[in-house]
Amino acid sequence: MTQMRGLTNFISDIRRCQNKKDEKNRVLKELSNIRGKFAKGPKLDSYSRRKYTWKLLYIYILGYDIDIGHVEAMHLISAKTYTEKKTGYTVCSVMFNEKDELMTMITQSVKHDLNKESLEPVQCLALSMVANVGGRTMSDALWKDVCNLLTSGTSRSTVRKKASLCMLKLFRKAPENIEIEAVAAKVIAMVGDELGVATCAVQLLIGIVGHYYIRPPIPAILFEAVPKCIKLLQKLVSRGGARGQEEYYYYGTLCPWLQIKCLRLLQFFPAPKDMNDYKRLEESLRRILEQDKKGDRKKNKSNAKHAVLFESINLIIHYAQNEELMNRELLMKSASLLGRFVALKEASIRYMGLDTMARLAKVDGTLDKIKEQLTTIQYSLHKDLDISIRKRALDMLYVMCDETNAPKIIQELLVFMRSADYNIREELVLKIAILAEKFATDLRWYIDIILKLITVAGNYVSEDIWYRVIQIVTNTENLQKYAALTMFKALKSDTIHENGIKVAGYILGEFSDRIITEKTTGADIFKAMHRHFSTSSMPTQAILLSSYAKLANASPEHRHKIASILASYREHADIEIQQRACEYTALAESKDQELMETVFDFMPPFENDSAKLIKKVEDAEIKRTGVGANEGEAKDEDEDEEEDDEEEASEEEEDDDEDEEVEFRNQTAEEFKTIMTASSGYLLKHEVLQIGVKMMAGVSHDMKMKIFYGNKSSSDLEDLKAIVTTNPAWTIKLSPSEGFTVPGKKQESQFLLATAHRPFSKPPVMGLQFTFNGEVQRVKIKLPIFTTQFITSNDEMSGSDYLNKWKSLEKEAKTIVNCDPIDDMETFKKGIVKSLHCSEVDMTGIVSNPQNILCLCGMFEASRAGSGESIKLPFLARFQLKSEMFQVSVRSSVGAMNQDIIDCVKMMYSA
């Protein structure tokens with residue numbers, strides 16, 4: 001292949017292409033030439049056939065579709081010389097797949113090459129291709145041939161290694177074809193062979209045992225692998241255990257990948273019953289646990305030791321969970337090591353330490369030892385920059401919570417909720433709810449905790465959680481009065497979340513009679529519920545209507561008033577609300593008291609359904625790990641890619657200080673949302689490239705922006721070019737517009753001028769292209785440019801003028817926005833005024849609750865494209881604010897602009 005001048009020249013031509021179009025033209029020209037050559041058929045000589053087939057493979061790797069050459073590749077497999085077969089097998093391994101119909105046409109040739117009489121290099125080529133692209137059809141036809149090579153005493157180690165991995169692929173595709181009794185004994189014997197063969201043999205055993213572990217029973221013959229595996233592990237961890245095989249040492253650790261595979265294989269079996277085997281295993285585990293020392297400066301050495309160490313702890317946990325661990329000292333030693341790991345600076349070790357400790361905490365007798373790390377785990381939850389570590393810290397606190405520390409941990413989690421990442425909040429809410437119920441010594445405390453949870457993170461409280469609250473209150477008679485009184489007080493707050501309204505509506509509808517006194521009348525309860533009706537969603541309104549009807553039954557003196565309210569919703573647009581209003585009105589106006597009492601009788605006790613929430617946590621864990629516990633290990637092994645681990649050892653012998661490849665990324669949604677409501681900040685924060693911005697908006701139809709490109713690496717960012725998407729709604733100019741270089745550890749700036757021509761809500765996207773360390777990189781960033789940036793403050797307007805103007809404008813757009821918890825209403829209002837660049841209208845004396853109402857007036861300014869004629873469009877906006885949501889309405893003479901402004905507000909403030 002290296003002597004094929006035509007192939008070398010073709011690759012050089014491709015590399016010299018200046019752009020994609022030139023490359024495509026060169027490829028099409030070559031494909032035309034190859035098609036003509038292949039048309040000669042048998043007249044084409046062997047050298048040319050191989051050369052053109054290699055060219056096709058290179059074109060395919062470049063990403064072009066290939067519709068020729070497949071038959072020629074198959075013919076090369078059937079050829080007699082090694083060089084032709086090598087070309088054919090390589091091309092088929094890359095260009096074919098297991099579902100390709102052409103695979104059936106080469107099965108016979110592959111079967112012939114797997115014959116014992118074939119040359120070993122040819123056997124290896126056939127085995128490699130089958131291991132890569134072999135499917136069920138090949139498994140049916142070739143498994144016996146592969147089995148013969150695997151079990152033959154005359155096959156060399158190279159062939160047996162490839163045969164082991166090939167057999168693993170065939171077993172995964174069609175396990176019912178493989179006769180385990182014919183394979184297992186020989187494979188188990190290979191565990192005691194040289195380390196390269198043993199590695200492949202153990203990998204094959206993991207695949208076979210893993211299959212039967214999740215589809216029991218495990219064949220008895222496979223249990224014979226346990227003593228062999230224990231002896232191999234003892235050999236690997238003992239000093240001088242593998243003399244003469246120094247090539248298998250990886251940074252001072254003998255074949256760490258094989259140690260890990262042995263430990264993983266043992267986790268599919270119970271502890272060995274033979275005491276000699278058990279003592280060997282116990283001694284090996286003790287040696288592994290004692291190997292960890294401080295001061296390993298080389299990262300690869302540390303990684304190899306820690307990988308083996310964590311897998312040995314997993315084996316100890318496996319035995320302990322099945323009550324098969326005779327020596328509890330190993331368990332306590334594991335707990336101590338994990339306690340040290342969770343406090344290390346290296347993020348990957350902290351993550352693994354927390355993840356393994358969470359499993360260890362489920363073993364009886366370990367919780368007290370693990371509780372010693374409570375402070376460290378709390379620090380990881382609050383302060384760690386890595387979200388994956390914060391998630392594992394949350395898992396750890398959930399597992400280690402018990403009667404003694406439940407109030408402290410739950411309070412800690414409630415505090416953390418306010419600053420927790422959005423994608424962790426739903427899981428956090430679920431776990432707080434479970435812990436509060438599980439360890440509640442007083443159910444009144446549980447009600448208080450759930451109410452706090454709804455207040456702090458109402459958007460993330462699922463239906464299952466507040467359903468469960470209602471179940472507990474309904475089933476616990478002495479709790480009903482306290483719950484009704486608590487929810488009645490909560491309804492008086494303007495900041496109660498909608499989920500809190502749902503819970504309050506149900507509980508007060510059922511148990512309002514428990515709290516009705518001379519001071520608290522049915523009218524007071526109705527007023528507390530109905531004040532939230534207009535701003536609630538349709539499902540919540542449906543619940544409230546049911547509560548009104550039940551309240552009318554509990555307070556007959558207020559029935560007429562409630563009936564009139566219900567009657568007003570009989571023609572509601574929503575069918576569910578309309579139906580309820582009609583039915584409840586008819587019942588309320590009925591004089592049949594017995595019918596009322598029958599229909600609105602107390603709900604019967606619910607079935608205990610606490611396991612549903614726990615199952616959600618378990619399902620989330622299963623989703624994260626694949627499947628549960630050891631099944632996860634089995635499935636992971638089924639998904640492993642087969643590799644020659646002996647070759648992997650030599651490939652990984654690299655310098656510890658070698659630079660890692662930098663991966664650039666696009667702007668995240670969180671970064672864009674942060675800059676939307678600010679006048680300056682970061683568009684992108686990356687380990688190499690940081691993009692900052694300062695903006696001047698809300699002045700005219702022009703918006704000015706200064707963009708800062710910071711290079712944190714020592715290498716230059718060369719030929720940095722910015723291209724912004726075009727749209728008739730805006731014109732954007734960049735200066736400088738041509739490419740420039742950002743030197744290492746330096747910063748460069750670029751000016752941007754945006755002019756609006758009409759309202760719009762979809763922000764422009766800026767694409768960056770630059771060269772870093774010789775490679776072209778591309779990054780996409782959304783720019784914070786939208787309709788609200790071209791709004792200017794209107795003349796001051798009085799409350800009465802605002803109201804008159806509002807009534808005169810007919811075109812309106814409105815929506816409800818679920819936002820983050822509003823801690824300070826006035827601060828939140830100021831933020832809206834600033835981000836929309838509007839004037840606030842004082843509505844004191846005009847509306848009943850001005851503290852929760854924000855009225856704005858503003859002017860959208862634009863410049864007509866081409867003529868430059870000025871466009872000014874006045875509008876009014878009104879915000880009705882609650883704790884974690886608000887309703888926004890916009891009115892103007894242009895309906896499309898109203899919706900654009902609404903869309904901008906949703907982008908800026910949606911949770």
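Here are a few worked exercises on the structure above.

The model is predicted, so local features need pLDDT of at least 70, side-chain atom pairs count only at pLDDT 80 or more, and totals for chains, interfaces and linings use all residues. Residues are numbered from 1 along each chain as its sequence is written, and side-chain values use heavy atoms, with hydrogens and water left out.

**Exercise 1. The whole chain**

Find how many helices and strands the protein chain has, and what share of its residues is buried.

Step 1: Start with secondary structure, where the chain has 38 helices and 17 strands. Helices (H or I, at least four residues) and strands (E, at least two) are DSSP runs, numbered from the N terminus.

Step 2: Now look at burial: 52% of the 911 residues count as buried. Buried means under 20% relative accessible area, exposed over 50%, and partly exposed in between (1.4 Å probe, protein chains only).

Step 3: For the extent, the C-alpha trace spans about 100 × 80 × 55 Å along its principal axes.

**Exercise 2. A helix pair**

Work out how helix H21 and helix H22 are oriented to each other, and which residues meet.

Step 1: Take H21 (residues 406-417) and H22 (residues 422-438): their axes come within 10 Å and cross at roughly 155°. Axes are lines fitted to C-alpha atoms, for helices over the stretch in contact, and angles run from 0 to 180 degrees between N-to-C directions.

Step 2: The two helices are therefore roughly antiparallel. Angles under 35 degrees count as roughly parallel, over 145 as roughly antiparallel, 65 to 115 as roughly perpendicular and the rest as oblique.

Step 3: On the H21 side you'll find Ile410, Leu413, Leu414, Phe416 and Met417, which meet Arg425, Leu428, Val429, Ile432, Leu435 and Ala436 of H22. Contact means heavy atoms within 4.5 Å.

Step 4: Sort that contact by class, and you get 10 nonpolar, no polar and 1 charged residues. Ala, Val, Leu, Ile, Met, Phe, Trp, Tyr, Cys and Pro count as nonpolar, Asp, Glu, Lys and Arg as charged, and the others, Gly among them, as polar.
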